[in-house]
Amino acid sequence: PWRTPNTLEVRTVTSTPFARFEIHKVRTENGKIVDDWLWTDEREHVNILVHMKKGNKYMLFYQSKYGLTRKYYATVGGLFNKGDTPLTCAKRELLEETGLESEDLVYLGPYRVQVNRGGGILHAFLARNCYRSQAWKASDDYEKQERRFLTREELINVTLSADIGEAQWLATVSTALLYEDYHATVMRNKTLVAH
């Protein structure tokens, strides 16, 4: 549970296996007391942008979600289990949801989802050079997931056209694309310096 020196009281409203919803009494930075600060302690989770080794494309799901009005592009993702680290969770979710493994699973960092309302911590990843695993068994996900394979240019267009329906998915895709650009620039500069 999230508590700081500014948390004066906590009342749990309800709890599920996915999250706990609370009302906090909070002292703000200017000393004001807020009696009804809504807070959600959601389980930590991962989102993963999948890059396929074969074909040099990105795999996203095209699917519906309860909180969306239509189908959107989505990254691979899932919740932490007890004892998970970001890396173990990312490897498990990648395998469970796609049947893939990655030659290079890049950790892009932890991010608070809603800084003033909780929402848990997102751990973003880029799974580079993914390939079909021999250890895969189909998962029993809640939603139907249609796989779409996009070139880098198509992925950028989808990102800029608001066709990624969730802010966390968008953040993961955008951060992964920035990472790739930065990594390519660094490698290019090292090559120039070596010559």
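**Aromatic rings and a buried isoleucine**

Three aromatic pairs are counted in this predicted model, where rings of Phe, Tyr and Trp (its six-membered ring) pair if their centres lie within 6.5 Å, and where planes under 30 degrees apart count as stacked, over 60 as edge-to-face and the rest as tilted. Because the model is predicted, local features need pLDDT of at least 70 and side-chain atom pairs count only at pLDDT 80 or more, while totals for chains, interfaces and linings use all residues. Residues are numbered from 1 along each chain as its sequence is written, and side-chain values use heavy atoms, with hydrogens and water left out.

**The pair of Trp2 and Trp39**
- The ring centres of Trp2 and Trp39 are 6.0 Å apart and their planes meet at 20°, so this pair is stacked.
- The pair joins distant parts of the chain, 37 residues apart, since Trp2 is in the segment before β1 (7-15) and Trp39 is in strand β3 (residues 33-42); strands (E, at least two residues) are DSSP runs, numbered from the N terminus.
- Trp39 is buried, with a relative accessible area of 4%, whereas Trp2 is partly exposed at 40%; buried means under 20%, exposed over 50% and partly exposed in between (1.4 Å probe, protein chains only).

**Charges over rings**
- Arg112 lies over the face of Trp2, 4.8 Å from the ring centre, and Arg117 lies over the face of Trp37 at 5.0 Å; the rule asks for NZ of Lys or CZ of Arg within 6 Å of the ring centre and within 35 degrees of the ring normal.

**Ile23**
- Ile23, in strand β2 (residues 19-27), is buried, with a relative accessible area of 17%.
- Leaving aside residues up to four places away in sequence, Ile23 touches residues including Val10, Val13, Trp37 and Leu38, where contact means heavy atoms within 4.5 Å.

Key
Helix = DSSP H or I, 4+ residues; strand = E, 2+ residues; numbered from the N terminus.
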